[in-house]
Amino acid sequence: MRTPLIALILAAPSLALAGASPITIAVCGDSKLAVVAGDKPTTGELHATVVSAGSRWTFTARLGQVRIGGKTRTISIEDLATQERLPPRGNDATPSGMSIDVLRDDKKVVLRHASEGGADREYAVDLAKCSFPREGDVALATFVPPPVEPVGCAAAVVAGTYRKQIAQVAQLGDAEADRAAQALCEDHQKTLAARARLEQAITDRAARARVAARGAALFHVEDAREKAWAKIDGCLGADPGTAHGVAALHDGEARQRACYNQVAARP
């Protein structure tokens, strides 16, 4: 059973921020990946040992962006520093960065980097038969920036955000306006959930595209993200609507959800 993203976010602080000890996110035979929380929110390091094709590479790296998909987890890392490489070879230059995709259903971890020229080397390794501790999955969520919009319908949020929206489109008594603001907040939570599912679907598609990508093709994997949001812009802009009032606010929420769900469902 997949752990909902919101559950990971809520559980994350108690685990990943409890101390500076590494928390394992994947074990693939003799290979192991772990994360360590930094001294600032959403910052940290990756500690990795990658055993592949008779070689063993241990390195640390600064965590960049972390994306949580429905069935995948994607981590970008920078500033790689080799701790050990066995056996050493003359062409074992350290790549400048890397994308790491955790494919939970396939029990795989895919490491990819496209050379940017010069001494920067291309890197492509697939690790199989992996296991993913739950505490590692929760820890990864601590490196995802918090949502721009507050999640939930706390009284202060309803009064400070949704009450103002209601006041802009209708003149209602206090009690009725409070009920309308609460209903709009609850409706918007469905829209936020639909947007989160879309983001997860896009993350899953990019992760799976990187499995087969090599070289320059890796630079274009994330193009699908821009294309998806271009489709959303087209969908939302196709029928802006001219209605006014509380009902129009709810219609707008429904239109957004329909667009998100439509693009998320596309292969």
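**View A. Ile 77 has 2% relative accessibility, so Ile 77 counts as buried.** Buried means under 20% relative accessible area, exposed means over 50%, and partly exposed is in between, using a 1.4 Å probe and protein chains only. What you're looking at is a predicted model, in which local features need pLDDT of at least 70, side-chain atom pairs count only at pLDDT 80 or more, and totals for chains, interfaces and linings use all residues. Residues are numbered from 1 along each chain as its sequence is written, and side-chain values use heavy atoms, with hydrogens and water left out. You'll find Ile 77 in strand 5. Setting aside neighbours within four places in sequence, Ile 77 is in contact (heavy atoms within 4.5 Å) with Leu 46, Phe 59, Ala 61, Arg 62, Leu 63, Gly 64, Gly 97, Met 98 and Ile 100. Take Met 98: it is 21 residues from Ile 77 in sequence, yet their C-alpha atoms are 5.4 Å apart in space.

**View B. Here's the whole chain, with its 6 helices and 9 strands.** Both kinds of element are DSSP runs numbered from the N terminus: helices are H or I with at least four residues, and strands are E with at least two. Along its principal axes, the C-alpha trace spans about 75 × 40 × 35 Å. The chain has 267 residues, and 39% of them count as buried. Look at contacts with a separation of 6 or more, and 55% of them come from residues 24 or more positions apart.

**View C. Now for the open sheet, where 9 strands line up in the order 8-7-6-5-4-3-2-1-9 with antiparallel pairing.** Two strands pair if DSSP finds at least two bridges between them. The edges belong to strand 8 and strand 9 (130-131), each of which pairs on one side only. Strand 6 and strand 7 share 5 bridges in the antiparallel sense, and Ile 100 stands opposite Leu 111 of strand 7. Strand 7 (residues 108-113) also runs antiparallel to strand 8, again with 5 bridges. Over there, Arg 112 has Ala 124 in strand 8 as its bridge partner. Helix 2 (residues 134-141) lies across strand 1 (23-28), strand 2, strand 4 and strand 5, running at about 125 degrees to strand 1. Axes here are lines fitted to C-alpha atoms, for helices over the stretch in contact, and angles run from 0 to 180 degrees between N-to-C directions.

**View D. Zoom in on strand 8 (residues 123-127) and you'll see its side chains alternate.** Tyr 123, Val 125 and Leu 127 point to one face and are buried.

View E. Leaving out residues up to four places away in sequence, Leu 46 touches Ile 25, Leu 33, Ala 34, Val 35, Phe 59, Thr 60, Ala 61, Leu 63, Ile 77 and Ile 100.

**View F. Helix 3 (residues 155-169) packs against helix 4 (residues 174-212) at an angle of about 105 degrees, with their axes 8 Å apart.** The two helices are therefore roughly perpendicular to each other. That label covers 65 to 115 degrees, while under 35 is roughly parallel, over 145 is roughly antiparallel, and the rest is oblique. Helix 3 brings Val 158, Tyr 162, Arg 163, Gln 165 and Ile 166 to the meeting, and the helix 4 side includes Asp 174, Ala 177, Leu 184 and His 188. By class, this contact has 8 nonpolar, 4 polar and 3 charged residues. Ala, Val, Leu, Ile, Met, Phe, Trp, Tyr, Cys and Pro count as nonpolar, Asp, Glu, Lys and Arg as charged, and the others, Gly among them, as polar.

View G. Most residues other than glycine have a negative phi, and most peptide bonds are trans. Thr 42 isn't a glycine, but has a positive phi of about 65 degrees. Its spot is the loop between strand 2 (31-37) and strand 3 (44-52), and at 28% relative accessibility Thr 42 counts as partly exposed. Asp 79, in strand 5, has a positive phi too, near 55 degrees. With 52% relative accessibility, Asp 79 counts as exposed.
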